[in-house]
Amino acid sequence: MREFTTDILVIGGGAAGLSAAAEAASAGAGVIIAESDLHLGGQLVKQTHKFFGSRDEYAGTRGYKIAGILMAELDEKGKNALSMTSTTVTGYYPEDGMFTAMRGEESYIGIRAQRCVVASGAQERIIPFVNNDIPGVYGAGAVQTLMNLYGVRPGNRALMIGAGNIGLIVSYQLMQAGVEVAAVAEAMPKVGGYWVHAAKIRRLGVPILLRHSIKEALGERAVEGAVIAELDDKFAPTGAEKRIECDIICLAVGLSPTTEILSHAGCRMSYVPQLCGFAPLRDRTMRTSNPSFWCAGDASGIEEASAAMIEGRIAGLCAARSLGFDADMEKLDEYWSRLDHLRAGEAGEKIRAGIAKVLRGRWED
Amino acid sequence: MDNDGTLFSSGVLTEGLIREMRPPESLWKDKKGGLAVVECPQRIPCDPCASNCPAGAIKPFADINDTPVIDHSRCTGCAICAAACPGLACFVIDLTFSHDKALFKLPYELLPVPSRGDAVDCLGRTGEVLASGRVEAVTEPKRDRTRVIHVSAPKDLADHIRAVRAVKRDV
Ligand SMILES: Cc1cc2nc3c(=O)[nH]c(=O)nc-3n(C[C@H](O)[C@H](O)[C@H](O)COP(=O)(O)OP(=O)(O)OC[C@H]3O[C@@H](n4cnc5c(N)ncnc54)[C@H](O)[C@@H]3O)c2cc1C
(Lines give C-alpha, C1' and ligand atoms only; values in the text may rest on other atoms or scores of the structure.)
Protein backbone atom coordinates (compact mmCIF):
# COMPACT_ATOMS: atom_id res chain seq x y z
CA MET A 1 0.00 0.00 0.00
CA ARG A 2 1.43 3.35 -1.05
CA GLU A 3 1.70 5.82 1.81
CA PHE A 4 1.53 9.60 1.94
CA THR A 5 2.35 11.84 4.87
CA THR A 6 0.98 15.30 5.52
CA ASP A 7 0.17 17.72 8.31
CA ILE A 8 -3.54 18.03 7.64
CA LEU A 9 -5.86 15.74 5.73
CA VAL A 10 -9.01 17.42 4.42
CA ILE A 11 -11.72 14.90 3.60
CA GLY A 12 -13.98 16.25 0.88
CA GLY A 13 -13.21 18.87 -1.77
CA GLY A 14 -16.47 20.83 -1.72
CA ALA A 15 -17.09 24.39 -0.57
CA ALA A 16 -15.99 23.60 2.98
CA GLY A 17 -13.01 21.40 2.13
CA LEU A 18 -11.55 23.76 -0.48
CA SER A 19 -11.84 26.69 1.92
CA ALA A 20 -10.25 24.70 4.75
CA ALA A 21 -7.38 23.60 2.54
CA ALA A 22 -6.70 27.11 1.21
CA GLU A 23 -6.68 28.53 4.71
CA ALA A 24 -4.46 25.84 6.22
CA ALA A 25 -2.04 25.83 3.30
CA SER A 26 -1.66 29.59 3.35
CA ALA A 27 -0.69 29.36 7.00
CA GLY A 28 2.11 27.05 5.88
CA ALA A 29 0.67 23.65 6.73
CA GLY A 30 1.05 20.73 4.37
CA VAL A 31 -2.38 19.63 3.19
CA ILE A 32 -3.84 16.71 1.31
CA ILE A 33 -7.40 17.03 0.04
CA ALA A 34 -9.02 13.67 -0.61
CA GLU A 35 -12.10 13.84 -2.82
CA SER A 36 -14.21 10.83 -3.83
CA ASP A 37 -15.44 12.38 -7.02
CA LEU A 38 -13.57 12.72 -10.30
CA HIS A 39 -13.11 16.45 -9.69
CA LEU A 40 -13.07 18.98 -6.88
CA GLY A 41 -15.97 21.30 -6.10
CA GLY A 42 -18.54 19.12 -4.34
CA GLN A 43 -22.12 20.25 -4.79
CA LEU A 44 -21.04 23.59 -6.20
CA VAL A 45 -20.04 22.29 -9.61
CA LYS A 46 -23.62 21.45 -10.57
CA GLN A 47 -25.22 24.60 -9.26
CA THR A 48 -25.97 26.79 -12.23
CA HIS A 49 -28.09 29.28 -10.28
CA LYS A 50 -26.90 32.45 -8.61
CA PHE A 51 -26.28 32.14 -4.91
CA PHE A 52 -27.91 34.03 -2.12
CA GLY A 53 -25.93 35.42 0.74
CA SER A 54 -23.60 38.37 0.95
CA ARG A 55 -20.83 39.63 -1.26
CA ASP A 56 -18.18 38.11 1.02
CA GLU A 57 -19.59 34.70 0.17
CA TYR A 58 -20.00 35.48 -3.54
CA ALA A 59 -23.74 36.21 -3.54
CA GLY A 60 -25.11 36.73 -7.02
CA THR A 61 -22.44 34.43 -8.47
CA ARG A 62 -23.43 31.08 -9.91
CA GLY A 63 -22.40 28.08 -7.79
CA TYR A 64 -20.10 26.49 -10.34
CA LYS A 65 -18.25 29.79 -10.71
CA ILE A 66 -17.73 29.87 -6.95
CA ALA A 67 -16.11 26.43 -7.21
CA GLY A 68 -13.78 27.94 -9.82
CA ILE A 69 -12.92 30.87 -7.55
CA LEU A 70 -12.10 28.53 -4.64
CA MET A 71 -9.96 26.28 -6.83
CA ALA A 72 -8.06 29.28 -8.20
CA GLU A 73 -7.42 30.45 -4.65
CA LEU A 74 -6.08 27.02 -3.78
CA ASP A 75 -3.83 27.04 -6.84
CA GLU A 76 -2.43 30.38 -5.83
CA LYS A 77 -2.03 30.00 -2.07
CA GLY A 78 -1.96 26.28 -1.75
CA LYS A 79 1.59 25.48 -2.86
CA ASN A 80 1.66 23.04 0.06
CA ALA A 81 -1.66 21.46 -0.89
CA LEU A 82 -2.01 18.27 -2.85
CA SER A 83 -5.44 17.34 -4.21
CA MET A 84 -6.30 13.73 -4.82
CA THR A 85 -9.49 13.11 -6.72
CA SER A 86 -11.15 9.69 -7.11
CA THR A 87 -9.95 9.14 -3.57
CA THR A 88 -12.43 8.00 -0.95
CA VAL A 89 -11.31 7.96 2.65
CA THR A 90 -12.57 4.72 4.14
CA GLY A 91 -11.14 4.47 7.62
CA TYR A 92 -9.01 5.89 10.40
CA TYR A 93 -6.55 3.99 12.54
CA PRO A 94 -5.78 6.15 15.57
CA GLU A 95 -2.97 3.94 16.88
CA ASP A 96 -0.67 5.21 14.11
CA GLY A 97 -2.59 8.26 12.82
CA MET A 98 -3.27 6.48 9.55
CA PHE A 99 -6.18 7.02 7.19
CA THR A 100 -6.93 4.50 4.49
CA ALA A 101 -8.37 5.58 1.17
CA MET A 102 -9.44 3.93 -2.02
CA ARG A 103 -7.92 5.47 -5.15
CA GLY A 104 -9.78 4.79 -8.34
CA GLU A 105 -11.32 1.35 -8.58
CA GLU A 106 -8.36 -0.78 -7.67
CA SER A 107 -5.81 0.63 -5.30
CA TYR A 108 -5.67 1.45 -1.63
CA ILE A 109 -3.42 4.09 -0.17
CA GLY A 110 -2.50 5.15 3.33
CA ILE A 111 -2.42 8.79 4.41
CA ARG A 112 -0.64 9.62 7.63
CA ALA A 113 -1.85 12.96 8.97
CA GLN A 114 -1.63 14.71 12.30
CA ARG A 115 -4.86 16.58 11.88
CA CYS A 116 -8.01 15.99 9.91
CA VAL A 117 -10.77 18.31 8.70
CA VAL A 118 -13.89 16.34 7.86
CA ALA A 119 -15.80 18.19 5.13
CA SER A 120 -17.58 15.24 3.60
CA GLY A 121 -20.88 17.01 2.86
CA ALA A 122 -24.25 15.33 2.86
CA GLN A 123 -26.39 12.57 1.46
CA GLU A 124 -29.87 12.79 0.00
CA ARG A 125 -32.73 11.21 1.86
CA ILE A 126 -35.38 8.98 0.43
CA ILE A 127 -38.96 8.44 1.61
CA PRO A 128 -41.02 5.25 1.48
CA PHE A 129 -43.81 4.90 -1.09
CA VAL A 130 -45.03 2.13 -3.35
CA ASN A 131 -42.59 1.44 -6.20
CA ASN A 132 -39.96 3.89 -4.98
CA ASP A 133 -37.28 1.62 -6.44
CA ILE A 134 -38.24 1.70 -10.10
CA PRO A 135 -36.10 3.52 -12.68
CA GLY A 136 -37.19 7.12 -12.98
CA VAL A 137 -37.29 7.77 -9.24
CA TYR A 138 -34.33 10.03 -8.51
CA GLY A 139 -32.89 12.18 -5.80
CA ALA A 140 -33.19 15.81 -6.91
CA GLY A 141 -29.44 16.17 -6.53
CA ALA A 142 -28.88 13.25 -8.88
CA VAL A 143 -31.09 14.87 -11.49
CA GLN A 144 -29.14 18.08 -11.06
CA THR A 145 -25.88 16.20 -11.61
CA LEU A 146 -27.22 14.49 -14.73
CA MET A 147 -28.39 17.76 -16.27
CA ASN A 148 -25.84 20.29 -15.21
CA LEU A 149 -22.70 18.21 -15.06
CA TYR A 150 -23.23 15.58 -17.72
CA GLY A 151 -25.65 17.39 -20.01
CA VAL A 152 -28.22 14.59 -19.87
CA ARG A 153 -31.90 15.42 -19.92
CA PRO A 154 -33.36 12.98 -17.39
CA GLY A 155 -36.90 12.78 -18.79
CA ASN A 156 -39.73 14.75 -20.33
CA ARG A 157 -42.05 15.51 -17.48
CA ALA A 158 -41.15 15.59 -13.81
CA LEU A 159 -42.95 15.44 -10.50
CA MET A 160 -40.94 17.08 -7.71
CA ILE A 161 -41.51 15.97 -4.13
CA GLY A 162 -40.55 18.68 -1.65
CA ALA A 163 -40.66 22.47 -1.90
CA GLY A 164 -37.55 23.29 0.08
CA ASN A 165 -34.86 25.28 -1.70
CA ILE A 166 -33.47 22.21 -3.42
CA GLY A 167 -36.87 21.11 -4.76
CA LEU A 168 -37.66 24.62 -5.97
CA ILE A 169 -34.26 25.28 -7.53
CA VAL A 170 -34.00 21.89 -9.23
CA SER A 171 -37.55 22.37 -10.60
CA TYR A 172 -36.39 25.61 -12.18
CA GLN A 173 -33.28 23.95 -13.55
CA LEU A 174 -35.38 21.12 -15.00
CA MET A 175 -37.32 23.76 -16.93
CA GLN A 176 -34.08 25.33 -18.05
CA ALA A 177 -33.08 21.92 -19.41
CA GLY A 178 -36.33 21.72 -21.34
CA VAL A 179 -38.11 19.31 -18.98
CA GLU A 180 -41.70 20.10 -18.13
CA VAL A 181 -42.47 20.16 -14.38
CA ALA A 182 -45.93 18.72 -13.79
CA ALA A 183 -46.11 19.82 -10.15
CA VAL A 184 -44.23 20.23 -6.91
CA ALA A 185 -45.86 18.37 -4.01
CA GLU A 186 -45.12 19.57 -0.48
CA ALA A 187 -46.40 17.98 2.72
CA MET A 188 -46.22 21.20 4.75
CA PRO A 189 -48.83 23.97 4.51
CA LYS A 190 -46.24 26.36 3.02
CA VAL A 191 -43.11 26.18 0.92
CA GLY A 192 -40.00 25.50 2.98
CA GLY A 193 -37.57 27.16 0.57
CA TYR A 194 -37.25 30.86 -0.08
CA TRP A 195 -40.45 32.49 -1.26
CA VAL A 196 -38.77 34.03 -4.31
CA HIS A 197 -37.65 30.61 -5.56
CA ALA A 198 -41.26 29.45 -5.38
CA ALA A 199 -42.51 32.60 -7.14
CA LYS A 200 -40.03 32.03 -9.95
CA ILE A 201 -41.49 28.63 -10.89
CA ARG A 202 -45.11 29.59 -10.18
CA ARG A 203 -44.70 32.35 -12.74
CA LEU A 204 -43.70 29.77 -15.30
CA GLY A 205 -46.90 27.86 -14.61
CA VAL A 206 -45.76 25.14 -12.19
CA PRO A 207 -48.39 24.31 -9.56
CA ILE A 208 -47.13 23.87 -6.00
CA LEU A 209 -49.48 21.50 -4.23
CA LEU A 210 -49.22 22.14 -0.50
CA ARG A 211 -50.28 19.44 1.97
CA HIS A 212 -49.60 16.75 -0.60
CA SER A 213 -47.20 13.83 -0.70
CA ILE A 214 -46.48 10.94 -3.00
CA LYS A 215 -48.29 7.67 -2.42
CA GLU A 216 -47.18 5.58 -5.33
CA ALA A 217 -45.03 5.56 -8.44
CA LEU A 218 -46.89 4.02 -11.36
CA GLY A 219 -45.27 1.77 -13.94
CA GLU A 220 -43.79 -1.68 -14.20
CA ARG A 221 -40.29 -1.19 -15.51
CA ALA A 222 -40.00 2.58 -15.34
CA VAL A 223 -42.01 5.51 -14.04
CA GLU A 224 -45.16 6.14 -16.06
CA GLY A 225 -46.92 8.38 -13.58
CA ALA A 226 -47.53 8.95 -9.91
CA VAL A 227 -50.35 9.08 -7.40
CA ILE A 228 -50.19 11.90 -4.90
CA ALA A 229 -52.34 12.15 -1.81
CA GLU A 230 -53.67 15.14 0.07
CA LEU A 231 -52.71 15.35 3.75
CA ASP A 232 -54.53 16.82 6.72
CA ASP A 233 -53.13 18.88 9.61
CA LYS A 234 -51.66 15.78 11.17
CA PHE A 235 -50.08 14.64 7.90
CA ALA A 236 -52.60 11.79 7.56
CA PRO A 237 -54.06 11.16 4.09
CA THR A 238 -57.51 12.74 3.67
CA GLY A 239 -58.40 10.18 1.01
CA ALA A 240 -58.26 12.69 -1.83
CA GLU A 241 -55.80 11.48 -4.46
CA LYS A 242 -54.58 12.72 -7.84
CA ARG A 243 -52.82 11.03 -10.68
CA ILE A 244 -49.90 12.97 -12.13
CA GLU A 245 -48.60 12.21 -15.60
CA CYS A 246 -44.81 12.11 -15.45
CA ASP A 247 -41.83 10.00 -16.42
CA ILE A 248 -39.53 11.07 -13.61
CA ILE A 249 -40.09 11.59 -9.92
CA CYS A 250 -37.53 13.69 -8.05
CA LEU A 251 -37.21 13.48 -4.30
CA ALA A 252 -36.09 16.66 -2.61
CA VAL A 253 -36.96 15.62 0.90
CA GLY A 254 -33.83 16.66 2.67
CA LEU A 255 -30.20 15.82 3.22
CA SER A 256 -28.35 14.20 6.12
CA PRO A 257 -24.76 14.96 7.13
CA THR A 258 -22.16 12.40 6.02
CA THR A 259 -20.47 11.60 9.30
CA GLU A 260 -19.09 8.06 9.15
CA ILE A 261 -15.48 9.16 9.49
CA LEU A 262 -16.32 11.36 12.47
CA SER A 263 -18.07 8.46 14.18
CA HIS A 264 -15.18 6.21 13.30
CA ALA A 265 -12.83 8.66 15.01
CA GLY A 266 -14.95 8.54 18.12
CA CYS A 267 -16.05 12.17 17.91
CA ARG A 268 -19.01 12.75 20.18
CA MET A 269 -22.13 13.02 18.06
CA SER A 270 -25.62 14.18 18.81
CA TYR A 271 -28.86 13.70 16.91
CA VAL A 272 -30.07 17.22 16.12
CA PRO A 273 -33.18 17.50 13.95
CA GLN A 274 -32.38 21.13 13.07
CA LEU A 275 -29.05 20.02 11.61
CA CYS A 276 -30.83 17.16 9.81
CA GLY A 277 -29.21 14.18 11.52
CA PHE A 278 -26.26 13.17 13.66
CA ALA A 279 -23.86 16.05 14.03
CA PRO A 280 -20.50 16.32 15.78
CA LEU A 281 -20.16 18.40 18.94
CA ARG A 282 -17.66 21.18 18.27
CA ASP A 283 -16.15 24.29 19.79
CA ARG A 284 -15.87 27.72 18.15
CA THR A 285 -12.81 26.57 16.24
CA MET A 286 -14.85 23.73 14.70
CA ARG A 287 -12.73 21.23 16.65
CA THR A 288 -14.59 18.08 17.61
CA SER A 289 -14.25 16.11 20.85
CA ASN A 290 -11.40 14.18 19.22
CA PRO A 291 -8.59 16.76 19.39
CA SER A 292 -7.17 15.69 16.03
CA PHE A 293 -10.46 16.25 14.18
CA TRP A 294 -12.24 19.35 12.91
CA CYS A 295 -15.53 19.48 11.05
CA ALA A 296 -16.99 21.92 8.52
CA GLY A 297 -19.84 22.38 6.07
CA ASP A 298 -22.79 20.09 5.58
CA ALA A 299 -20.95 17.26 7.36
CA SER A 300 -21.27 19.29 10.55
CA GLY A 301 -24.98 20.05 9.97
CA ILE A 302 -26.98 20.83 6.83
CA GLU A 303 -26.80 24.51 6.02
CA GLU A 304 -25.59 26.37 2.95
CA ALA A 305 -22.46 26.77 0.88
CA SER A 306 -22.02 30.28 2.23
CA ALA A 307 -21.74 28.96 5.80
CA ALA A 308 -19.77 25.90 4.66
CA MET A 309 -17.06 28.13 3.19
CA ILE A 310 -16.69 30.13 6.40
CA GLU A 311 -16.71 27.03 8.61
CA GLY A 312 -14.09 25.53 6.32
CA ARG A 313 -11.91 28.60 6.76
CA ILE A 314 -12.29 28.41 10.52
CA ALA A 315 -11.44 24.71 10.62
CA GLY A 316 -8.45 25.07 8.30
CA LEU A 317 -7.11 28.06 10.20
CA CYS A 318 -7.46 26.46 13.61
CA ALA A 319 -6.18 23.04 12.59
CA ALA A 320 -3.04 24.73 11.21
CA ARG A 321 -2.72 26.80 14.35
CA SER A 322 -2.92 23.70 16.56
CA LEU A 323 0.21 22.41 14.82
CA GLY A 324 2.06 25.63 15.58
CA PHE A 325 1.74 27.22 12.14
CA ASP A 326 1.52 30.96 11.91
CA ALA A 327 -2.22 31.30 11.52
CA ASP A 328 -3.74 34.72 12.11
CA MET A 329 -6.23 33.94 14.87
CA GLU A 330 -7.76 37.40 14.65
CA LYS A 331 -9.57 36.12 11.61
CA LEU A 332 -11.57 33.80 13.84
CA ASP A 333 -13.73 36.61 15.18
CA GLU A 334 -14.26 38.03 11.71
CA TYR A 335 -15.34 34.63 10.41
CA TRP A 336 -17.76 34.22 13.29
CA SER A 337 -19.28 37.62 12.70
CA ARG A 338 -19.90 36.62 9.07
CA LEU A 339 -21.52 33.38 10.19
CA ASP A 340 -23.64 35.25 12.73
CA HIS A 341 -24.79 37.64 10.00
CA LEU A 342 -25.84 34.83 7.70
CA ARG A 343 -27.70 33.09 10.48
CA ALA A 344 -29.26 36.19 11.98
CA GLY A 345 -32.66 36.29 10.28
CA GLU A 346 -35.82 34.20 10.42
CA ALA A 347 -34.34 31.90 7.79
CA GLY A 348 -31.51 31.15 10.19
CA GLU A 349 -33.69 30.38 13.18
CA LYS A 350 -33.54 26.64 12.72
CA ILE A 351 -29.80 26.58 12.21
CA ARG A 352 -29.22 28.76 15.27
CA ALA A 353 -31.24 26.37 17.41
CA GLY A 354 -29.29 23.43 15.98
CA ILE A 355 -25.88 25.00 16.50
CA ALA A 356 -26.79 25.89 20.09
CA LYS A 357 -27.19 22.17 20.77
CA VAL A 358 -23.76 21.13 19.49
CA LEU A 359 -21.56 24.09 20.33
CA ARG A 360 -19.30 23.52 23.34
CA GLY A 361 -16.82 25.69 25.15
CA ARG A 362 -13.19 24.95 24.43
CA TRP A 363 -12.29 21.31 24.84
CA GLU A 364 -9.84 20.46 27.61
CA ASP A 365 -6.43 19.79 26.09
CA MET B 1 -59.58 26.15 -2.19
CA ASP B 2 -56.87 28.63 -3.22
CA ASN B 3 -57.50 31.54 -0.94
CA ASP B 4 -54.98 34.37 -0.64
CA GLY B 5 -53.15 32.73 2.25
CA THR B 6 -52.48 29.43 0.57
CA LEU B 7 -51.59 31.18 -2.68
CA PHE B 8 -49.04 33.30 -0.86
CA SER B 9 -47.69 30.19 0.91
CA SER B 10 -46.98 28.68 -2.49
CA GLY B 11 -45.16 31.72 -3.89
CA VAL B 12 -47.87 33.97 -5.33
CA LEU B 13 -48.06 37.62 -4.30
CA THR B 14 -51.41 38.74 -2.90
CA GLU B 15 -53.39 41.84 -3.92
CA GLY B 16 -52.45 43.70 -0.75
CA LEU B 17 -48.75 43.12 -1.25
CA ILE B 18 -48.97 43.94 -4.95
CA ARG B 19 -50.31 47.36 -3.96
CA GLU B 20 -47.69 47.76 -1.26
CA MET B 21 -44.78 46.99 -3.59
CA ARG B 22 -46.04 49.24 -6.35
CA PRO B 23 -43.99 52.42 -6.95
CA PRO B 24 -45.88 55.63 -6.12
CA GLU B 25 -48.13 56.53 -9.06
CA SER B 26 -46.97 60.16 -9.15
CA LEU B 27 -43.32 59.19 -9.69
CA TRP B 28 -44.07 56.26 -11.94
CA LYS B 29 -46.54 57.64 -14.48
CA ASP B 30 -44.16 59.84 -16.45
CA LYS B 31 -40.84 58.29 -15.50
CA LYS B 32 -38.90 57.62 -18.70
CA GLY B 33 -36.97 54.36 -18.34
CA GLY B 34 -39.41 53.13 -15.74
CA LEU B 35 -39.10 52.21 -12.09
CA ALA B 36 -38.04 49.06 -10.27
CA VAL B 37 -40.66 46.83 -8.71
CA VAL B 38 -39.14 44.36 -6.26
CA GLU B 39 -41.30 41.45 -5.16
CA CYS B 40 -39.30 40.11 -2.25
CA PRO B 41 -41.57 39.86 0.79
CA GLN B 42 -39.57 37.42 2.92
CA ARG B 43 -36.55 38.12 5.09
CA ILE B 44 -33.72 35.96 3.73
CA PRO B 45 -29.94 36.41 3.86
CA CYS B 46 -29.44 38.02 0.46
CA ASP B 47 -28.42 41.49 -0.73
CA PRO B 48 -27.23 41.61 -4.37
CA CYS B 49 -30.10 43.96 -5.37
CA ALA B 50 -28.84 46.64 -3.02
CA SER B 51 -25.14 46.00 -3.51
CA ASN B 52 -25.56 46.15 -7.31
CA CYS B 53 -27.83 49.19 -7.57
CA PRO B 54 -25.70 51.87 -9.24
CA ALA B 55 -28.12 54.67 -8.29
CA GLY B 56 -28.36 53.91 -4.60
CA ALA B 57 -32.11 53.59 -5.06
CA ILE B 58 -32.25 50.19 -3.37
CA LYS B 59 -30.97 51.26 0.00
CA PRO B 60 -27.99 49.45 1.51
CA PHE B 61 -29.07 46.78 4.00
CA ALA B 62 -28.21 47.23 7.67
CA ASP B 63 -28.81 43.50 8.12
CA ILE B 64 -28.31 41.07 5.25
CA ASN B 65 -31.73 39.62 6.07
CA ASP B 66 -33.54 42.92 5.43
CA THR B 67 -36.08 43.08 2.64
CA PRO B 68 -35.34 45.69 -0.03
CA VAL B 69 -36.40 49.29 0.58
CA ILE B 70 -36.53 51.44 -2.53
CA ASP B 71 -36.18 55.16 -2.90
CA HIS B 72 -38.06 55.44 -6.18
CA SER B 73 -37.02 59.04 -6.63
CA ARG B 74 -33.46 57.81 -7.28
CA CYS B 75 -34.30 54.81 -9.48
CA THR B 76 -33.19 55.23 -13.10
CA GLY B 77 -34.88 52.10 -14.41
CA CYS B 78 -31.53 50.65 -15.49
CA ALA B 79 -32.67 47.11 -14.60
CA ILE B 80 -29.29 46.05 -13.17
CA CYS B 81 -31.27 44.77 -10.19
CA ALA B 82 -33.35 42.60 -12.51
CA ALA B 83 -30.16 41.03 -13.79
CA ALA B 84 -28.47 40.70 -10.41
CA CYS B 85 -31.23 39.30 -8.19
CA PRO B 86 -30.66 35.56 -7.62
CA GLY B 87 -34.38 35.17 -6.95
CA LEU B 88 -35.44 36.86 -10.20
CA ALA B 89 -37.65 39.08 -8.06
CA CYS B 90 -36.75 42.49 -9.55
CA PHE B 91 -38.57 43.95 -12.53
CA VAL B 92 -38.60 47.38 -14.16
CA ILE B 93 -41.78 48.73 -15.66
CA ASP B 94 -41.81 51.80 -17.88
CA LEU B 95 -45.28 53.27 -18.23
CA THR B 96 -44.18 55.88 -20.79
CA PHE B 97 -43.60 53.44 -23.65
CA SER B 98 -46.71 54.40 -25.63
CA HIS B 99 -50.23 55.55 -24.94
CA ASP B 100 -51.53 52.03 -24.32
CA LYS B 101 -48.40 49.94 -23.80
CA ALA B 102 -45.85 49.70 -21.04
CA LEU B 103 -42.32 48.37 -21.43
CA PHE B 104 -41.58 45.48 -19.05
CA LYS B 105 -37.92 44.72 -18.34
CA LEU B 106 -37.97 41.15 -17.06
CA PRO B 107 -35.19 38.73 -16.06
CA TYR B 108 -34.95 35.69 -18.33
CA GLU B 109 -32.81 32.55 -18.00
CA LEU B 110 -34.45 30.08 -20.37
CA LEU B 111 -33.85 28.91 -23.90
CA PRO B 112 -34.54 29.86 -26.59
CA VAL B 113 -33.63 33.49 -26.03
CA PRO B 114 -36.13 35.51 -28.05
CA SER B 115 -34.92 38.25 -30.38
CA ARG B 116 -36.04 41.79 -30.99
CA GLY B 117 -39.32 41.87 -32.83
CA ASP B 118 -40.45 38.40 -31.63
CA ALA B 119 -43.88 37.90 -30.19
CA VAL B 120 -43.80 36.32 -26.71
CA ASP B 121 -46.46 35.18 -24.26
CA CYS B 122 -46.65 37.49 -21.25
CA LEU B 123 -47.29 35.54 -18.06
CA GLY B 124 -48.84 36.43 -14.74
CA ARG B 125 -47.81 35.21 -11.29
CA THR B 126 -49.26 31.73 -11.75
CA GLY B 127 -48.06 31.32 -15.30
CA GLU B 128 -51.34 32.29 -16.93
CA VAL B 129 -50.97 33.88 -20.38
CA LEU B 130 -52.22 37.44 -20.00
CA ALA B 131 -51.30 38.93 -23.34
CA SER B 132 -49.02 38.69 -26.31
CA GLY B 133 -46.07 41.06 -26.11
CA ARG B 134 -43.38 42.23 -28.50
CA VAL B 135 -39.70 41.97 -27.67
CA GLU B 136 -38.16 45.43 -28.02
CA ALA B 137 -34.67 44.60 -26.78
CA VAL B 138 -32.66 41.85 -25.13
CA THR B 139 -29.80 42.86 -22.86
CA GLU B 140 -27.34 41.02 -20.65
CA PRO B 141 -26.34 43.72 -18.16
CA LYS B 142 -24.05 41.59 -16.00
CA ARG B 143 -22.65 39.48 -18.87
CA ASP B 144 -23.52 36.42 -16.83
CA ARG B 145 -26.20 34.81 -18.97
CA THR B 146 -29.14 36.30 -17.14
CA ARG B 147 -30.88 38.24 -19.88
CA VAL B 148 -33.23 41.13 -19.35
CA ILE B 149 -35.99 41.00 -21.93
CA HIS B 150 -37.63 44.32 -22.74
CA VAL B 151 -41.14 43.57 -23.88
CA SER B 152 -43.99 45.92 -24.74
CA ALA B 153 -47.45 44.82 -23.60
CA PRO B 154 -50.74 46.39 -22.53
CA LYS B 155 -50.26 49.07 -19.90
CA ASP B 156 -53.26 47.98 -17.84
CA LEU B 157 -51.35 44.76 -17.07
CA ALA B 158 -48.48 46.66 -15.42
CA ASP B 159 -49.27 45.10 -12.05
CA HIS B 160 -49.60 41.60 -13.42
CA ILE B 161 -47.13 40.65 -16.16
CA ARG B 162 -44.00 39.21 -14.52
CA ALA B 163 -42.54 36.71 -16.99
CA VAL B 164 -42.43 35.85 -20.66
CA ARG B 165 -42.40 32.61 -22.57
CA ALA B 166 -40.91 32.31 -26.02
CA VAL B 167 -43.52 31.29 -28.57
CA LYS B 168 -42.54 28.50 -30.93
CA ARG B 169 -42.26 29.85 -34.43
CA ASP B 170 -43.23 27.82 -37.46
CA VAL B 171 -40.27 27.52 -39.73
C1 LIG C 1 -29.99 22.16 -5.48
C2 LIG C 1 -29.15 22.84 -4.42
C3 LIG C 1 -29.13 24.22 -4.38
C4 LIG C 1 -28.36 24.89 -3.44
N5 LIG C 1 -28.35 26.26 -3.45
C6 LIG C 1 -27.57 26.94 -2.58
C7 LIG C 1 -27.51 28.38 -2.61
O8 LIG C 1 -28.17 29.04 -3.42
N9 LIG C 1 -26.72 29.00 -1.71
C10 LIG C 1 -25.96 28.30 -0.81
O11 LIG C 1 -25.23 28.92 -0.04
N12 LIG C 1 -26.02 26.94 -0.75
C13 LIG C 1 -26.80 26.24 -1.62
N14 LIG C 1 -26.84 24.86 -1.56
C15 LIG C 1 -26.14 24.15 -0.51
C16 LIG C 1 -24.68 23.92 -0.82
O17 LIG C 1 -24.50 23.30 -2.07
C18 LIG C 1 -24.07 23.04 0.23
O19 LIG C 1 -24.40 23.52 1.50
C20 LIG C 1 -22.55 23.05 0.11
O21 LIG C 1 -22.17 22.52 -1.14
C22 LIG C 1 -21.91 22.26 1.22
O23 LIG C 1 -20.53 22.21 1.04
P24 LIG C 1 -19.69 21.06 1.67
O25 LIG C 1 -18.28 21.30 1.25
O26 LIG C 1 -19.99 20.94 3.09
O27 LIG C 1 -20.24 19.71 1.01
P28 LIG C 1 -20.23 19.18 -0.53
O29 LIG C 1 -20.29 20.30 -1.50
O30 LIG C 1 -21.28 18.16 -0.56
O31 LIG C 1 -18.82 18.50 -0.63
C32 LIG C 1 -18.48 17.33 0.07
C33 LIG C 1 -17.50 16.53 -0.75
O34 LIG C 1 -16.98 15.49 0.04
C35 LIG C 1 -16.76 14.36 -0.76
N36 LIG C 1 -16.68 13.20 0.13
C37 LIG C 1 -17.67 12.69 0.93
N38 LIG C 1 -17.21 11.64 1.63
C39 LIG C 1 -15.91 11.47 1.28
C40 LIG C 1 -14.90 10.55 1.66
N41 LIG C 1 -15.11 9.58 2.57
N42 LIG C 1 -13.67 10.65 1.08
C43 LIG C 1 -13.42 11.63 0.17
N44 LIG C 1 -14.35 12.52 -0.23
C45 LIG C 1 -15.57 12.45 0.33
C46 LIG C 1 -17.96 14.38 -1.68
O47 LIG C 1 -17.70 13.66 -2.87
C48 LIG C 1 -18.13 15.87 -1.96
O49 LIG C 1 -17.47 16.30 -3.12
C50 LIG C 1 -27.62 24.16 -2.49
C51 LIG C 1 -27.64 22.76 -2.53
C52 LIG C 1 -28.37 22.08 -3.48
C53 LIG C 1 -28.37 20.57 -3.51
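**Close-up views of a predicted model**

**View 1. Surroundings of the ligand.** Local features need pLDDT of at least 70 and side-chain atom pairs count only at pLDDT 80 or more, while totals for chains, interfaces and linings use all residues. Residues are numbered from 1 along each chain as its sequence is written, chains are lettered from A and ligands numbered from 1 in the order in which they are written, and side-chain values use heavy atoms, with hydrogens and water left out.

**View 2. Polar atoms facing the ligand.** A polar backbone atom of A:Q43 is 2.8 Å from an oxygen atom of the ligand. At A:A305, a backbone N or O atom lies 3.0 Å from a ligand oxygen atom. For A:Q47, an N or O atom in the side chain is 3.1 Å from an oxygen atom of the ligand. The ligand taken alone exposes 1,000 Å², and the protein buries 91% of that (accessible areas by the Shrake-Rupley method with a 1.4 Å probe).

**View 3. The two domains of chain A.** Domain 1 covers 2-123 + 255-358 and domain 2 covers 126-251, with bounds from an automatic or database domain assignment. Their C-alpha centres lie 31 Å apart. Contact (heavy atoms within 4.5 Å) joins 10 residues of domain 1 to 13 residues of domain 2.

**View 4. The interface between the domains of chain A.** Domain 1 and domain 2 bury about 970 Å² between them, 60% of it on carbon and sulfur atoms; buried area is the accessible area (1.4 Å probe) that two parts lose on being put together, summed over both. In domain 1, A:K46, A:H49 and A:F52 lose the most area to domain 2, together 54% of what that side buries.

**View 5. The interface of chain A and chain B.** The contact takes 36 residues from chain A and 42 residues from chain B. The two chains bury about 3,200 Å² between them, 54% of it on carbon and sulfur atoms. A:W195, A:R202 and A:R203 supply 27% of the area that chain A buries against chain B, more than any other three residues. Between the chains the count is 3 salt bridges. A:R62 forms a salt bridge with B:E109, the closest N and O atoms being 3.5 Å apart.

Note on methods
A polar contact is a pair of N or O atoms within 3.5 Å; within protein, one must be able to donate a hydrogen and the other to accept it, and residues adjacent in sequence count only if both atoms are side-chain atoms. A salt bridge is a side-chain nitrogen of Lys or Arg within 4 Å of a carboxyl oxygen of Asp or Glu.
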